[in-house]
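Welcome, and please load the model in your viewer.

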Amino acid sequence: MRTGGRILVDQLELNGADLAFCVPGESYLPVLDALYDSPIRLITCRHEQGAANAAEAYGKLTGRPGLCLVTRGPGATQAAVGVHTAKQDSSPMLLLVGQVPRAFRGREAWQELDYAQVFGGIAKAAWEVDSAERIPEHMAEAYSLALAGRPGPVVLALPEDVLAEEADVADGIRVEPERVAPSGVDLDRLRELLADAERPLVVVGEGGWTAETSRDVQMFCEANALPVACAFRCQDFVDNRSPSYVGVLGVAMDEALAGRLRDADLVLAIGGRLGEVPTLRYTLLEPPDPRQTLIHVHPDARELGRVYEPDLAIVATLTEFASALCALDPVEPRWGEWTSAARADYEENLRAVPMEGDVDLGEVMAFLRTRLPGDAVQTCGAGNFTVWAHRFAEFTQFGTQACPRSGSMGYGLPAAVAAQLIHPERIVVCFTGDGDFVMSSPELATAVQYDLPIVVLLVNNGMYATIRMHQERQFPGRVVGTDLENPDFPALAHAYGAHGERVERTGDFEAAFDRALASGRPSVLELPVDPERISPRVRLSELRERA
Ligand SMILES: Cc1ncc(C[n+]2csc(CCOP(=O)(O)OP(=O)(O)O)c2C)c(N)n1
Ligand SMILES: [Mg+2]
């Protein structure tokens, strides 16, 4: 006989879980108690937003569901932001929520929510477990759904009496997602379409990417001299040093790359949803029937034809598809110049225009490109600082970028906590802004508590610059709601027990970065920047003049 809490934790263990993120609640004490003597490491966060974002990042970096445990009502709603990111980003995740006892259900008991209804729109699935006996069955289904097709978040509500009751039931099994290979007919057609192309572009995106997928897609692109671009925040999907790599279809997209997607005559999308960001608000590729010949490969049939009608839709697991691609006879490329021009534009775009002010983010990024080892993990939240962090970074291996494709602020710090727990031996750098950081700064306490020497690079421009930029474009000079009066960030870091410094000049960054690493503690390096340089290509004063 085992309690429901124990049965649940046993299912997590047999599915290979090694980390779980929580804010505790009395609604799921039997689960906590079972974790007391489990090999799963329980990380206590300071806000459910942090716990959920950390779990999301775990799913993104490992491909196995990230685990987040929270209490009912307020705990679950605070965790919602991480569930939303897992959905938008296609990351596997399980949110386990305490629930009122079965006998109180439907009375709007204390902190009671109908989870199927609340999370119905943002999770892949959400339901309530009805008895301890059926926990193995429910958990197998939850793992299977989180991993199948397009990975995503699953929410399970656990009534407290279900967790406390005892049952005599056998364990489930470790869930492995179905692997689906592309058909020979589809591959033949793909090769034919490619042979007819003159300006092809491969676009890689989320949906079950792995290191093998990276290797195989790169091999295929290089063998066929094909240019390959990454969707927003999928920059670690292809080695950026490859002659085939041509850049990222992200926010503040390079115009030359945007032009290449617009002018391509064939787009081979491997994973991804060709969403609003990589298509520049659906303009580079126009729904429903784009000018470009579209081959869309996705593990989930429901994503194919949802926004764009592909000329060839291939349902396949990305790893199987990529390995099949490698086995295709290369096509004699007619697009050699098109690819090398795109590559040259990418390299040109890596060069930063000097910035006003004493701290130049372009130079900081140029230093990090040479200083960070290939396995260093980079995280971020949302803000204009990410435009520098993305444009001037170079990724060489899969699983090194944990950034929210959902564009959610507050993600970077908890994601760095997760990354450093998964990879204790690696350097983990969190890029954040003055607005972004404060949204999840309590997780600095988590980093201190678990001895995680993450390095936080905090770009301080005294405002929510992204919104200010849009505001100045549409309502010039009418600044409202976007100014920030900030805490003393190094002092705040010290108060948490972290290392903290303000880096006043570009030339001081290198030594400060080394001191941060040498401190062996979580570090916050504040980079005060001139608000005039609101984005790598945009000056605040020019925005006003133009308006
Ligand atoms: C959770 C959340 N709330 C609000 C926004 C809207 N938003 C996007 S960027 C941004 C400003 C970020 O400010 P900061 O971190 O200082 O970065 P900056 O743009 O100044 O570089 C805001 C408010 C968002 N993306 N996510
Ligand atoms: Mg800011």
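**Stop 1: the ligand and its polar partners**

Begin by selecting Asn461 together with ligand 1: a polar side-chain atom of Asn461 sits 3.0 Å from an oxygen atom of the ligand.

Before moving on, a word on what you are looking at. This is a predicted model, in which local features need pLDDT of at least 70 and side-chain atom pairs count only at pLDDT 80 or more, while totals for chains, interfaces and linings use all residues. Residues are numbered from 1 along each chain as its sequence is written, chains are lettered from A and ligands numbered from 1 in the order in which they are written, and side-chain values use heavy atoms, leaving out hydrogens and water.

**Stop 2: the shell around ligand 1**

Helices (H or I, at least four residues) and strands (E, at least two) are DSSP runs, numbered from the N terminus.

**Stop 3: the magnesium ion**

Select ligand 2, the magnesium ion. Its donors are Asp434 (OD), Asn461 (OD1) and Met463 (O), at 2.0 to 2.2 Å. Donors are N, O and S atoms within 2.8 Å of the metal (3.2 Å for Na, K and Ca); water is not among the atoms, so sites may look incomplete. Along the chain, the donors follow the spacing D-x26-N-x1-M. Asp434 lies in helix 16 (residues 434–440) and Asn461 in the loop between strand 18 (455–460) and helix 18 (465–474), so this pair ties together parts 27 residues apart in sequence. Both Asp434 and Asn461 are buried; buried means under 20% relative accessible area, exposed over 50%, and partly exposed in between (1.4 Å probe, protein chains only).

**Stop 4: helix 3**

Next, select residues 48–62, which form helix 3. Its 15 residues reach 21 Å from first C-alpha to last, close to the 21 Å expected at 1.5 Å a residue; the expected span is 1.5 Å times one less than the number of residues. Is this helix mostly covered or mostly uncovered? Helix 3 is mostly covered, with 14 of its 15 residues buried. Just after helix 3, Gly63 has a positive phi of about 80°.

**Stop 5: Arg2 and its two aspartates**

Jump to Arg2, in strand 1 (residues 2–3). Arg2 is buried, at 18% relative accessible area. Show its side chain with that of Asp10, and a polar contact of 2.7 Å joins them. Another polar contact, of 2.8 Å, joins the side chains of Arg2 and Asp171. A polar contact is a pair of N or O atoms within 3.5 Å; within protein, one must be able to donate a hydrogen and the other to accept it, and residues adjacent in sequence count only if both atoms are side-chain atoms.

**Stop 6: backbone details**

Finish with the backbone. The peptide bond from Pro287 to Pro288 is cis, with omega near -5°, and Pro288 belongs to the loop between strand 12 (266–270) and strand 13 (293–298). Leu274 is found in the loop between strand 12 and strand 13 and has a positive phi of about 50° although it is not a glycine. Leu274 is buried, at 7% relative accessibility.
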